[in-house]
Structures are given as C-alpha cells and as structure tokens.
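Visitor: I am new to this structure. Please walk me through how to read it.

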Protein chains: 2
Amino acid sequence: MEYDVLKLSNQLCFPLYACSREIVKKYKPFLDEIGLTYTQYIAMMVMWEKKTVNVKTLGECLYLDSGTLTPLLKKLEAAGLVTRERSEKDERNLVIGITEKGESLKEPAKTVPEKMASCMNLSMEEVSTLYSLLYKILKADEVCE
Amino acid sequence: MEYDVLKLSNQLCFPLYACSREIVKKYKPFLDEIGLTYTQYIAMMVMWEKKTVNVKTLGECLYLDSGTLTPLLKKLEAAGLVTRERSEKDERNLVIGITEKGESLKEPAKTVPEKMASCMNLSMEEVSTLYSLLYKILKADEVCE
DNA sequence: GCAAATTATATTGTGTATAATTAAATTGAG
DNA sequence: CTCAATTTAATTATACACAATATAATTTGC
C-alpha cells in the first residue's frame, strides 16, 4: 500500500507521455501526404507564421534545442522548404527563412488540422479545458509570443 | 485568416507534445539519482507491480513496441534489475522478471513521485481533470488493466 | 498431421531529443 | 581600447520511438 505512489496508474506524467506519442502517431498518415514528420510540421507552422526566425527563437517557440533543430532544418533546407543564412548583424545568429515552395506547402497542410480533429473523441469544452491545463503547466517557461 | 487553423497556438497536440517533454525533463535529476531514464522508470513501475510480464504485455501497458523495449530491457538486464527468459510453454514469449536488486530499487524510487508533485503548479482538482481527459483520449486503445 | 496463417520478438534504418562540449562572435568592465 | 565573460549555433554521444522487415514458434483449417 505504501508503494501505491509508484503505480503507473497513479501517475499524471504517464498518460501525458503516452497520449503525446499516440497523437503524433495519428498525424503520421496525414503528414506523410505532404512529406513532413510531426516535428518538421510544427517547425513549418512557425515558419508560415513568422516567415523569418533565428534558431534560438524557433527553439524557444517549440521547446526544442539546436541538437534537434540543426539536423531537422538541414533536411527542410534540402527539401527546398526553408533557407539557412547567417545574420549580417550578428554572425552567431542563423536566420531561417521560408521559400516559395515552403509557402506553397501551406495549402495542402491546411487540411491536416480538420482531419485530425475528427480523430479526437473530446467535446469542444473538453478540448478547451485540456488546452488551458497544458498551457498552465508550460507557462512557467513560456517564451514564444 | 483562413490559415488560422495552422497557427501553432491553435493546436491541441502541440502543448501536449511540449508538456510531455518538459515533464520528462523535470524527472531527469531525480531519476539520475537512481540511475534510470524516464522510459526505464515507467518500465520498472510495471515490474514492481507485476513482478513478471512478457514483452508484449509490457508494450501494451506502456504503449511501446519491441523496437523500443528490446534494447531497453537488455540494459535493465545488464544493470541487474530484471531477468529475460523464454517461456517454457510458448517459446515465442520472452518473460521479464524482476530481480532482488530490482525490487530494492523501489525504496529510493518511492521518493520520486513526491519530489515531482512539488514541481507541478496545478491544484488537486486540476490534476484530476487533466488525468481524466488524457485517459479519455487514450482509452480507445486501452489494454493494460 | 501438415502447410498456411498468425503471433511474438528481434533487427534495421530513420528521425527525433537532450546533455555536454566546442567554436566563433559580441559585449562590457576596467 | 582590450581581453575575459557571455551568447549563439553546431557537433557529438547516448537513448529513445517507430515503421518495416526478418525470424522463429505456435495454431488452425483441411
């Protein structure tokens, strides 16, 4: 009984961890159609919104560091979706820009969120509650506007 | 405006994905003390509860497949925490058992959940709501008792 | 009772994640 | 001004994740 704190079913972290992976998995067939992985997809979301961003800022938006982003951005560059250039003002900064091809991917990508919504068995209100609670946990480190 | 569906801030999946990683990151210093990674920790949680389990069942409990579990279980075996033996009844089954050393790790591990709880800025009620919503999403594929 | 389908685990290849280290550029205290 | 401290990316090493494939053992239909 004194070990109940160590039961998997008593952990909050575990359904969070499992749920995250299950949902990313559900995205796969839709993202395959536009040739992106889930992480590449959320990186492109930031690019569609900001057009230009340096690696540090992108990392803050996505809660990812350069160890993850550097190879990922090189792949997006190789796919012709983004450009990678040193800032002229401060050459330590690597500026990521979106290409025309990257912009045009927005059109087919637009259908992904609606396709996913139909996979969720939650009501609008439940989605809203869940969203608020997750951001409450994240907000301590919140940086991206 | 018609592209608002593609804004990162309008996605439910993203805070779930980011939150999951942020929380696993918070576990790290506590788990380092007992020499486990997060995935190894939740695998040991199942072992502390069940004592004996085959790989398939463990995978169903954790929503992980053999590609993740095989190398992980070999590391836990190398650390002397679990045993790996083919079932006599059905040699396709690999039975994982907990060792005495694995059992004794339960004692220091017991302090991890309380240490983590103090890292969360949610009320008991919020934790409970979040827990229910996450399991509602997961329940479609729920297998582990 | 035996070939075909099914089941369970392992292997391989690709893609994240993160910590730690390195290297280069800028800033700021004296 | 100048050099040490700081900042920013890239690199490296380790550890997951998962899809796809392979392998081996058991069931089952006939």
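Guide: Let us start with one pair. The side chains of E107(B) and K110(B) meet in a salt bridge, 3.4 Å from N to O. A salt bridge is a side-chain nitrogen of Lys or Arg within 4 Å of a carboxyl oxygen of Asp or Glu.

Visitor: What should I know about the model and its labels?

Guide: This is a predicted model: local features need pLDDT of at least 70, side-chain atom pairs count only at pLDDT 80 or more, and totals for chains, interfaces and linings use all residues. Residues are numbered from 1 along each chain as its sequence is written, chains are lettered from A and ligands numbered from 1 in the order in which they are written, and side-chain values use heavy atoms, leaving out hydrogens and water.

Visitor: Is K110(B) buried or exposed?

Guide: Buried means under 20% relative accessible area, exposed over 50%, and partly exposed in between, with a 1.4 Å probe and protein chains only. K110(B) is buried, at 18%. E107(B) is partly exposed, at 43%.

Visitor: Why do such pairs form?

Guide: Side chains of opposite charge can pair when their charged atoms come close.

Visitor: How many salt bridges are there over all chains?

Guide: The count is 18. One of them joins K28(A) to D32(A), with the closest N and O atoms 3.0 Å apart. These two residues are 4 apart in helix 1 (residues 13-34) of chain A, so about one helical turn separates them. Helices (H or I, at least four residues) and strands (E, at least two) are DSSP runs, numbered from the N terminus. D32(A) is partly exposed, at 45% relative accessibility.

Visitor: Which residue forms a salt bridge with K51(B)?

Guide: E103(B) does, with N and O 2.6 Å apart. K51(B) sits in the loop between helix 2 (38-50) and strand 1 (52-54) of chain B, and E103(B) in helix 5 (residues 100-104) of chain B, so the pair ties together parts that are 52 residues apart in sequence. K51(B) is partly exposed, at 34%. E103(B) is partly exposed too, at 27%.

Visitor: How do I read the interface between the chains?

Guide: Begin with contact, which means heavy atoms within 4.5 Å. Here 56 residues of chain B touch 56 residues of chain A. Then take buried area, the accessible area (1.4 Å probe) that two parts lose on being put together, summed over both. Chain B and chain A bury about 5800 Å² between them, and carbon and sulfur atoms give 70% of that. L6(B), L12(B) and Y17(B) supply 12% of what chain B buries against chain A, more than any other three residues.

Visitor: How many salt bridges cross the interface of chain B and chain A?

Guide: There are 2. E126(B) and K136(A) meet in a salt bridge, 2.9 Å from N to O. Helix 1 of chain B gives the largest share of the side that touches chain A, with 14 residues.

Visitor: Which residues are closest to DNA strand C?

Guide: A residue is near a strand if one of its heavy atoms lies within 4 Å of it. 30 residues surround DNA strand C, the closest being T37(A), T68(A), Y17(B), K56(B) and R84(B). Sugar and phosphate make up 80% of the DNA strand C atoms within 4 Å of the protein.

Visitor: Which atoms of T37(A) and L94(B) lie by the phosphate oxygens?

Guide: For T37(A), a side-chain N or O atom is 2.6 Å from a phosphate oxygen of DNA strand C.

Notes: Polar contact = N/O pair within 3.5 Å; in protein donor to acceptor, adjacent residues only side chain to side chain.
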